[in-house]
Structures are given as structure tokens and as C-alpha cells.
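I opened this one to see how the packing is organised. My notes follow in the order I looked things up.

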Amino acid sequence: MKKRGRQPVVAQALRSTVAATISYVVALQLSSEPAPLTAPLTALLVVQVTLYSTLTTGIRRVNSVVAGVLIAIGFSALVGLTWWSLCLIILASLAAGHLVRVDEFVPEVAISAMLVLGVTQVADTAWDRVLETLIGAAVGMLFNLLFAPPVWVHTAGESIEDLARRLRDLLVLIGEGLGAHTPVERAAARLHEARRLDNDVARVDAALRQAEDSLRLNPRVKEGLLHRVVLRTGLDTLEICTVVLRVLARSLTDLAKHRRDEPLFPPDVADALQELFTHIAKAVESFAVLVTTQISENAEEAESRLASELEEAGLSRERAARLLLQRVQQHPQQWQLHGALLSEVDRILDELDLEHRTKRLMEELDRSAREQRERFPRLRKLTRL
């Protein structure tokens, strides 16, 4: 799994190197500069991880450099390089960057203007810099069009599976301590671990956004929309499970505060809950495998395992609910925490339910396809061709 995750990184490094070298060779033929390094620099920055980001960032980057050069040409015709002219050119460049809407490349407008203003023979150097920038951007975009960037679906899938494993391990850990005396500090530590899962969700979301961009406009992918929606809805489900698990850990922490000298649950209830949490943990892992599996046979096997674990979890839940009800009738203290525990378990099971998953997936597919048709009607016709 880790080897597959490194493959796109190596491929991207080789692609960036080749594109930058080609742009330098082309710039040597077309530019009067002895060392036109702006071209390979631009190509290196334009050849982003995905074709979609290349097309979007490439245009913005060219706009930012050209805007900075034009500002420098205007200032060089009026004033030289002084501290106050430098102040004015930086201010004007940053303002122009917002006007031309280059987004994250606003500082590059000022950088380009300062570099051009600070050299001799400003006019010739400025136009050479524009030419080199256009060469680098053109080579970078054409390179990605001719040699499609790698697809980052496997990397995103590994991140989703890693998040599911963390969820599974924490569920098993929580279930193992229900029948023993649990100090408040230990319960609070489990709660802290559940809260730290939010950071893992953020990392997976970043990897998934990269994978989604790599699927857009990529000629090597036939069902990019399906892959994007499957992974995105899968992460949404795991994120909800993470939130519910955090609430569940908080309920157990509150229960530990009231039972400082006794176990959280009697042995029979603890065994039932531990069995329930074990089945939920396995279901979470099977769900992640189902989401990240692209081969139909493996997907069917993962779906079968998930259905089996959910069925066993449902039976364990009913058994635990009966035992909890008997416990509450005998000892009604903290009955609300027992009810909250079952409610949180029900939310996780509902999110992992296959029918709920299928319905959600179809709704997202219809919505995404409809939005894409409305935003890019011409792109739809081009895709058909």
C-alpha cells in the first residue's frame, strides 16, 4: 500500500523535471536572454499535481507575472528605483493582483514587478520575462495535456483506510475497559484521542481534494465522477462516525465521574457492550474497504462482510439494550447516560447501513451530475466526443 502511494510522487517529480527542461530549451531559442530561467521556473510551478489545477493555476500565474511586468514597465518610464518608488510599486502590484483575480498568486505580482524594476535595460528585460513566462506556462500546460498526470485515488484511499483503522482501534480500546474500574483520567484520555481524530479527518480531506482534482478532466479516468462521489461520501460517513464516537467517549467520561469506585458496567452488560463495540469496529473497517475498493469482486466481498458485521452488531445492540434496561430499573442512577450510549451506537449503525449508503450515493451522483451539466454545458458535449 505504501509503495503505491509513493508512485504518484515519483511520477510527478519526473514530469516536473522534464517539463522545466523542455521550457528552458525552447526559451533559449526564442528569448534574447543568455539564461532564461524564468521559463523553467514558470513551467515547474505550472505543472501542478493534477491537470485540473494546472489549467486553473497556470492561467492565474501567467496573469500575475504579466501584470507585475506591465506595472514595472510603467514605473520605469516615470521613476527609477528608490525606497519610495519601491513602496509604491509593491502597493500598486498587490492592488492589481486583487483586481485581476489571481487569488493565491497576488504576492507574485509584486515579486515580478520588483525583479523587473531592479534590472538594467528594463524594457527589453521586461518583455523577455513576459515571453519566458508564456513559454514556461505553455510548455507546462501542453505537457500535462499530452502526458496525463498521475491519479491520486490510491493515496486518498489509503488515507481513508488509515482513518478507519484509527476508529476501529479506539472502539476496541473503549470496549475492553467497560467491565473494569475506569479512572476519570483514563476515560478523559480516550476522549482526547477521539478529539484528535478531527486532525486525521482534516488530513484525509486534503488528500481527497487532491484525488478529486486528479480525476477532473483526466483522459485516463472514465468514471471520474463516480470515483469522486464514492470517496467523498465515504469520508463524510467516517467523519460523522468520528463525531459520534467523540460524543460517546464524552458520555463514558461523565459516567466514570459518577462511578469512581466501581466498574462502569456490571460484567454481563460490559461483555455485551464489548461485543457490540467489536462488531462496530469491524464494520467500520469493512466500510472503508468497500469505499476504497474499485474491483467489483473485492467490492462484493467487502459489502458482504459489512452486511454480516452490521447484522451481528444489531443483535448485540438488542442484547445490550435489554441488559441496560434491567440495570436501569434496578439502579436508576445516571439512566440518561445509558440512553445516550445506545443513541450514539444507533447513529453509527445508521450511518454504516448499506441502504442508507446506497441512497446517499445515488443522491450525490444525481446532484453532482446535474451541477456539472449546468456549469459546463459545452464541456459535456466535448466529453461525449
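**Starting point.** I began at L273, which touches L178, F265, A320, L324 and L341, leaving out residues up to four places away in sequence; contact here means heavy atoms within 4.5 Å. Apart from the core around it lies another core, of 11 residues, with A67, A72, V102 and A113 among them.

**Ground rules.** I'm working on a predicted model, where local features need pLDDT of at least 70, side-chain atom pairs count only at pLDDT 80 or more, and totals for chains, interfaces and linings use all residues. Residues are numbered from 1 along each chain as its sequence is written, and side-chain values use heavy atoms, with hydrogens and water left out.

**Main core.** I took a nonpolar core as a set of buried Ala, Val, Leu, Ile, Met, Phe, Trp, Tyr and Cys residues joined through side-chain atoms within 4.5 Å. Buried is under 20% relative accessible area, exposed over 50%, and partly exposed in between (1.4 Å probe, protein chains only). The largest core has 66 residues, and F265, L273 and I280 touch the most other members. Helix 10 is its top contributor, with 14 residues.

**Whole chain.** I counted 14 helices and 0 strands; these are DSSP runs numbered from the N terminus (helices H or I, at least four residues; strands E, at least two). Of the 385 residues, 46% count as buried. Among contacts between residues at least 6 apart in sequence, 79% join residues at least 24 apart. The accessible surface is about 20400 Å², and 58% of that belongs to carbon and sulfur atoms (Shrake-Rupley, 1.4 Å probe; for residues, only the protein chains shown count as cover).

**S93.** Next I checked a serine in helix 4 (residues 83–99), S93. S93 counts as buried because its relative accessible area is 0%. Its side chain reaches the backbone oxygen of I89 at 2.6 Å. I also find S93 touching I71, V109, A110 and A113, again skipping residues up to four places away in sequence.

**Surface patch.** Which residues form a nonpolar patch on the surface? I get L81, L86, I111, M114 and L115, with about 410 Å² of accessible area together. Patch members have over 30% relative accessible area and no salt bridge, with nonpolar side chains (Val, Leu, Ile, Met, Phe, Trp, Tyr) joined within 5 Å; a salt bridge is a Lys or Arg side-chain nitrogen within 4 Å of an Asp or Glu carboxyl oxygen. Helix 5 (residues 106–117) supplies the largest share, 3 residues. L115 lies in helix 5 and is partly exposed, at 48% relative accessible area.

Note on methods. Patch = residues over 30% accessible without salt bridge, like charges linked within 9 Å, V, L, I, M, F, W, Y side chains within 5 Å. Polar contact = N/O pair within 3.5 Å; in protein donor to acceptor, adjacent residues only side chain to side chain.
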